[in-house]
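Colleague: I'd like to learn how to read a few features in a model like this one. Could you walk me through them?

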Amino acid sequence: MDCAEFKEIYHDLDRPGALAACIREPALEHAEFCSRCAALLTEAEALDFALRNVARYSAGRQASPRVEAAVLQEFRREKVRATGRRVQWQAAVLGAAAGIALVIGLALHHRTVPLSGGEQAAAKTDIAAPAVSVEAPQAVAEVAGNAGASNVAGAASRASESGDEEYAGNFVPVPYADDPAALEGGAIVRVTLPRSALVSFGLPITDGGDADTVAADLVVAEDGTPQAIRVVPQSNANSDF
Amino acid sequence: MNRGAETTDDGVLLRRMMAGDEEAFTLLYRRRQPAIYRFALHMSGNVGVAEDVTQEVFMTLIRDARRFDPARGTLGGFLFGVARNHLRRRWEQERNSHPLPEGADELDALLQRSAAARNGKGTNGNGTNHFVGGGDEFTLIETVGRVRQAIATLPENYREIVVLCELEEMSYEEAASALDCPVGTVRSRLHRARALLAEKLHDEQPLRRASAVGR
């Protein structure tokens, strides 16, 4: 070991675990025959001793009991705050869970109620008369819920709000449609009738020019019997719903 | 508190403390507080500042114990790091580049006792003879005063290394964890700090005498 290497490590010679024996022993051997490095080592040992004295002198020093009292008081306050926060958190989680459950419940309710018979009726109509158009079953359900002609008209107006601006006429219950419940799950079907057939639905035969037929929308119950009718103006007769 | 609790690991005590166990917190405080206090005292030279910093360190532990990451070091190292940050913040607030205030009470008291001892008037403030140990005690007090004064005049980054590695006898690894720097930096800073200290104390005969007394 030379002086430069010694100067790199001499501060660690007395530090436990800082240097391996294979480094420490050659360093001490070097200090035995190098007076300058020996002086450095002596100075380092004196400094170690002085620092140990400082450490020993202040070893028993510690903060006053006032500090312990203050931190214990803060610990108790924080414990109360933490408990409050935990309760608030639990309440928030419970509230959120209840809200989510309510929303899911309402969504399921809205989905299952109108689909109960409407889709079946629509499917049935598709099979029986694939050429005719079928309107949204929700409109039929609304017709079913309203027995009178005025209510049927309301349903028609809501149907036009949904985009079918062509409908100017109102639905009129057919004479034998005495059971509003029969409309439950029904569908609206567009048909072409002989003009004379309007009488059988309780409608007057109007002047239709040269045409012998008339387009009409029928509200058909689940069992296939017409429950209400409205005449479609000639100008809209060929349009889709 | 039973004997088993005194040997309980810091991590276990910390978990219990975070669960609201006051006994665990008290044990942890009493175990770690003296070293934090001494560190703050050596760094500031002021008993009031040391107490304030100690209190702030444990307040931080109470409010924000989750900041401690066992993977990054020991709880002791973490607390020293917090203490160091509080001291720095305090000095920044005071806009005082020299952290030791004028008339730093702790160091002043020590130096006054040292001077009194040199003049043969050594008392402990109660009118009784303080230096019951004779000449060796006189040398010790004088040496401690001068070394502490020399430490207090070191630049902050050297001073904290000396306090942690020499006065608190931390390993290089522990000091590196507390100061959040590599072990190599700790080693080189300590060597430099010791060289500076040796320079400051080079002409101080009491240091030699103290060394001679200790052999």
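Modeller: Helices (H or I, at least four residues) and strands (E, at least two) are DSSP runs, numbered from the N terminus. Two strands pair if DSSP finds at least two bridges between them. A word on the source: this is a predicted model, where local features need pLDDT of at least 70 and side-chain atom pairs count only at pLDDT 80 or more, while totals for chains, interfaces and linings use all residues. Residues are numbered from 1 along each chain as its sequence is written, chains are lettered from A and ligands numbered from 1 in the order in which they are written, and side-chain values use heavy atoms, with hydrogens and water left out.

Colleague: What is the strand order in the open sheet of chain A?

Modeller: The four strands run β1-β4-β3-β2 in chain A, with antiparallel pairing. β1 (172-173) and β2 (187-194) of chain A are at the edges with a single partner strand each, so one side of each has no neighbour in the sheet. Further in, β3 (residues 213-220) and β4 (residues 226-231) of chain A pair in the antiparallel sense over five bridges. There, V219(A) stands opposite A228(A) in β4(A).

Colleague: Next, is T54(B) buried or exposed?

Modeller: Buried means under 20% relative accessible area, exposed over 50%, partly exposed in between (1.4 Å probe, protein chains only). T54(B), with a relative accessible area of 0%, is therefore buried. This residue belongs to helix α4 (residues 47-63) of chain B. Taking contact as heavy atoms within 4.5 Å, T54(B) touches A63(A), V67(A), Q33(B), I36(B) and Y37(B), leaving out residues up to four places away in sequence.

Colleague: And how many aromatic pairs are there over all chains?

Modeller: A pair of aromatic rings is described by the distance of the centres and the angle of the planes. Rings of Phe, Tyr and Trp (its six-membered ring) pair if their centres lie within 6.5 Å; planes under 30 degrees apart are stacked, over 60 edge-to-face, and the rest tilted. The whole structure has six such pairs. In one of them, F75(A) and F25(B) have ring centres 4.9 Å apart and planes at 5°, so they are stacked. This pair crosses between chains, from helix α4 (residues 65-112) of chain A to helix α3 (residues 22-44) of chain B. Both F75(A) and F25(B) are buried.

Colleague: Which pair is edge-to-face?

Modeller: Take F39(B) and F80(B): the centres are 5.4 Å apart and the planes at 80°, so the pair is edge-to-face. F39(B) lies in helix α3 of chain B and F80(B) in helix α5 (residues 75-94) of chain B, so the pair ties together parts 41 residues apart in sequence.
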